[in-house]
Amino acid sequence: MSNAFFDGSRRSFLAAGTSGAAAIGFAASSQAATPVAADPRFPGSTRVINRTASTLRLSDGTELYYKDWGKGPAVVFCHGYPLSSDAWEDQMFFLAARGFRVVAYDRRGFGRSSQPSHGYDYDTFADDLATLIEALDLRAVTLIGHSMGGGEVARYIGRHGEGRIARAAFVAAVTPFLLKTADNPNGAPKALFDTFRAAVLENRAQWNRDVTIPYYSFNRPGAKPSDGLRENYWRQGQATGIQAAYHALGAFSETDFRADLAKITVPTLVVHGDDDQIVPIEISGKLTAQLVPHAQLLVYKGGSHGLLHIDKERLNADLLAFLQR
């Protein structure tokens, strides 16, 4: 895909009056803290020092917030940028009501998790995910990642293997590699992502509001913009710390997941909208499906980046069918 595509896409979703950038994808209780034993098979798990019903505290001082609902086969959700586990609430509610144990967490620096000054790289994100899976003793897990979270799914499998994984799903994910390089000529230039970082520093609150228009394709003919969806995105985005908001941009744009995807052997579902203005399908979903052996690609005609909400009925049904195979 040519650079002209990215230039055209930017014109379609840049908001006037801001720094001239838009984004790419971009049961609590009073239970006492419980020590968690380390498992040497999972490097990330050695960093757990205690667990409550909704938090994990790691030995580097980071606290991860998570939700754990229902009983049954385990499904773990990884959220997109700059959101939190709340982004998955429609899918979690739907699947929990149909006999699944659904788990989602706020990535370090995002949502209700603590905001350390370090660890905003995919090796650390994958180790944090391994920590969660091991601490909750989840097995035969289906990992589902949206946008930035798709990178977590890929890097987890590449780094920790499939011993606890039964399936994987990528929804509008940033995989396999977004950055333009000599061996990835159709990626986006680094200068584009630099404008995103500038937007974070200049007026992050406005940027998080403006990007909701292309994120949900509310700028398309016949679209019905929802103030509620836009405000909910803004709420989640502003809860994320500025360290995470800034450094995670480099992580998801400059991390190459091609080798990770090649290691996936479990059944895999790739879902992407063909009108995704944030992570275009030509450089993401289609290539991800090609790199993962036996992956199934579902293309949503006219689908935006915000499939979790705009197309929730279809996505919920497709995820359920995938889980019931």
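**Salt bridges in the predicted chain**

Arg-139 and Asp-137 form a salt bridge, with 2.9 Å between the closest N and O atoms; the term means a side-chain nitrogen of Lys or Arg within 4 Å of a carboxyl oxygen of Asp or Glu. Asp-137 is partly exposed, at 42% relative accessibility (buried is under 20% relative accessible area, exposed over 50%, and partly exposed in between, with a 1.4 Å probe and protein chains only).

This is a predicted model, in which local features need pLDDT of at least 70 and side-chain atom pairs count only at pLDDT 80 or more, while totals for chains, interfaces and linings use all residues. Residues are numbered from 1 along each chain as its sequence is written, and side-chain values use heavy atoms, with hydrogens and water left out.

By the salt-bridge rule, the count comes to 25. Another joins Arg-314 to Asp-318, with the closest N and O atoms 3.8 Å apart. Both residues sit in helix α12 (residues 312-323), four residues apart, or about one turn of the helix. Arg-314 is partly exposed, with a relative accessible area of 40%. A network of salt bridges links Lys-67, Asp-86, Asp-106, Arg-112 and Arg-235.

Turning to the whole chain, twelve helices and nine strands are present (DSSP runs numbered from the N terminus: H or I of at least four residues for helices, E of at least two for strands). Of its 325 residues, 58% count as buried.
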